Amino acid sequence: MTLDFSPLLPWPFIAVLALIAVLLSALGFWRGVRGAAFRTAALATLCLAIANPVFFQEEREPLSTIVGVVVDRSQSQDNAGRREMTDAALATLKQRLAKFPQIEARIVEAADDEDTETPSTKLFTALQTALADVPPARVGGAVFITDGQIHDVPDINQPLGFDAPVHGLITGKPDEFDRRIEVVSGPRFGIVGEEQKVTFRIADDGAAPGGTAEVTISLNGNEIAREMAEPGTDVPFTFTVPRGGNNILEFSVAAVPGEVTEANNRAVHVIDGIRENLRVLLVSGEPHAGERAWRNLLKSDAAVDLVHFTILRPPEKQDGTPINELSLIAFPTRELFVEKIKEFDLIIFDRYQHRGVLPILYYDNIAQYVENGGALLIAAGPEHAGDDSIATTPLSAVLPANPTGYVNEKAFYPRLSDEGKKHPVTRGLEGADSEPPHWGRWFRTVDVDRPLGQTVMQAADGKPLLVLNRVGKGRVAMLLSDQGWLWARGFEGGGPSVSLYRRTAHWLMQEPALEEEALTAHASGRTLEIARQTIAGDPGLATLTSPSGKTEEVVLKEGEPGLYKASVRTTETGLFEVNNGDLNTLVHVGSVDAPEFKATISTTETLAPWAEKTKGLVRRLADADGAVDLPPILPVRGTVRVADDQRMSLRMTDETILKGINSLSLFAGFLGLAALLFILSATWHREGR
């Protein structure tokens, strides 16, 4: 209860009246007037009545004590039964806090951020968010239910935002250990065919058995090496980049019996293969209109080193002119097709015919080049159907089709075959989605027997036009017409000659993006995009294996002819494996060096400094036998000054909320009037004696 004044007149007037009352009272006492004391009391009472003294009494309600409870739901909590332990501890903690009506629990479950590629456990951030609207004086403490792997623990000298105990209830067992493998360093890009070095390391956390471990190394799904490594030692590994595009290098170490998780026993490093100065050999059998189209296409690519020869003077044109008087360059057949043939990524025979320029043995050498991984493109003209066709040489062993001896001189629109609509070389060619196709006509094709491989484009009457085939480790393509230059010249609107030629050349050089049977996957944040390229029909379900070992069947839906896709939203981060039939691929969701996978064993060390500073308690929920035991709760009034190693102390708040105010005016109503009349009557009575 408090006393306050609510004056009826301004204080200066009251001061003047009080001064007059004092002077009158002093004069009365000085002259000895009877009833001076009563007169003084009456004046004082009048002044007090004008000052209007009021008693105020506040009605207050105690506020609850807020306790922040942060539950760790990160991916590391899925290991070794920790999630069940967490659920049991949370249920027990709720029951115990419910016994204290003055305590209000703010429970927040902190999971990995699904919008980030670098998963980490941020429990203090979750706590600050939960208590953002709570005054510091009302916070009674914070309780973390976690495995101790927290990645946003503030520095011990930083302010926490409240002065109350911090407690940690640690899941997991005290004797845990884990073995993991990580890529320490490696290049992001590499030249195809050149050696690159990647350094990896095995790390043992906790009471691991130690000793050497065998690491299996795979490249693009194929095992390439096994290495022995000591835990904690950096091990360099050298390999050759085999192809352009993504190359996935996988390091796998065998699991140790009893370790916390096997999810981090594999690590990947993705290196993009870059072809440096692709070497292409273009041999034109004679000058013709389409020769310039091939040359312009290849010369326009800065990454292509083109070697182009045109046969202008075959042996049968010998006229006795001395060699030293000719302005022509001699065709270096031995240098090209014997000594340096392996240096070329692609060989193109453009309307070439066997006229004695190349010895027969050299054709066999070209065939061996293809079977050992080389690429050969035949752009055939009428000469391919004649007696001097290269199909009559040992090169026929790698050609997908043999000519019948006929040349079709019939106008036609090149069309995609059923396989061609699905094949990545020809799928989606601009102008192919209409009938007739929205491009110009051609007027000549070479007739062939039933070809091997895939016929992706057709000429008149369904005859083969573009045939693709695999031979040994290499590839061969046959374009059975010399009319492609009509598209390049814009005849009847032209056509996609550049796209067609470029895709064909890249398929021949085994570009992964143009494989007709391929399974690929890439991550966009937490969304996994799976693509299955096939020309054989519905590939069926894909199997997705998560880092924790869980498997999931994924339905692949056809988005384009021959291309089946699926999008999967993942809750885990780490290395995923996708399988479909005989194909499999690996993809890493999230950052490969994410803190969530750096260490997985439970620990009390991260929260211990804060518990010591705030007089809190850090304790494991279970002993080696796995029994969950929660420490009791101790409410404390005032500041917690002493830590209790057996109980969780919570500082109870003294904060209240004002519900209402009762007021009592001393001189208001009959009470003030009675007091004033009593004093005046006493004054009159005294003076009347």
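Tutor: Buried means under 20% relative accessible area, exposed means over 50%, and partly exposed lies in between, using a 1.4 Å probe and protein chains only. This is a predicted model: local features need pLDDT of at least 70, side-chain atom pairs count only at pLDDT 80 or more, and totals for chains, interfaces and linings use all residues. Residues are numbered from 1 along each chain as its sequence is written, and side-chain values use heavy atoms, with hydrogens and water left out.

Student: Why is Phe491 called partly exposed?

Tutor: Its relative accessible area is 31%.

Student: What makes Phe443 and Phe491 an edge-to-face pair?

Tutor: Rings of Phe, Tyr and Trp (its six-membered ring) pair if their centres lie within 6.5 Å; planes under 30 degrees apart count as stacked, over 60 as edge-to-face and the rest as tilted. Phe443 and Phe491 have ring centres 5.7 Å apart and planes at 65°, so the pair is edge-to-face.

Student: Where do Phe443 and Phe491 lie?

Tutor: Helices (H or I, at least four residues) and strands (E, at least two) are DSSP runs, numbered from the N terminus. Phe443 is in the loop between helix 8 (418-422) and strand 21 (445-448). Phe491 is in the loop between helix 9 (485-488) and helix 10 (497-508). The pair therefore ties together parts that are 48 residues apart in sequence.

Student: Why is the pair of Phe200 and Phe251 called tilted?

Tutor: The ring centres are 4.9 Å apart and the planes stand at 35°. Phe200 is in strand 9 (residues 195-206) and Phe251 in strand 13 (residues 245-253), 51 residues apart. Both Phe200 and Phe251 are buried. Phe200, Phe237, Phe239 and Phe251 form one aromatic cluster.

Student: How do you know that Arg441 and Glu492 form a salt bridge?

Tutor: A salt bridge is a side-chain nitrogen of Lys or Arg within 4 Å of a carboxyl oxygen of Asp or Glu. The closest N and O atoms of Arg441 and Glu492 are 2.6 Å apart. Arg441 lies in the loop between helix 8 and strand 21, and Glu492 in the loop between helix 9 and helix 10, so the pair ties together parts 51 residues apart in sequence.

Student: What makes Glu515 buried?

Tutor: Its relative accessible area is 15%. Buried means under 20%, so Glu515 is buried. Its salt-bridge partner is Arg470, with the closest N and O atoms 2.7 Å apart. At 39% relative accessibility, Arg470 counts as partly exposed.

Student: Which residue meets Glu577 in a salt bridge?

Tutor: Arg266 does, at 3.7 Å from N to O. Arg266 is in strand 14 (residues 266-274) and Glu577 in strand 31, so the pair ties together parts 311 residues apart in sequence. Thr545 stands opposite Glu577 in strand 31.

Student: How do you know that strand 27 and strand 31 pair?

Tutor: Two strands pair if DSSP finds at least two bridges between them. Three bridges join strand 27 to strand 31 (residues 574-580), and the two run antiparallel. Four bridges join strand 27 to strand 28 (residues 551-554), also antiparallel.

Student: What makes Arg475 a charge over a ring?

Tutor: NZ of Lys or CZ of Arg must be within 6 Å of the ring centre and within 35 degrees of the ring normal. The charged end of Arg475 sits over the ring of Trp507, 4.9 Å from its centre.
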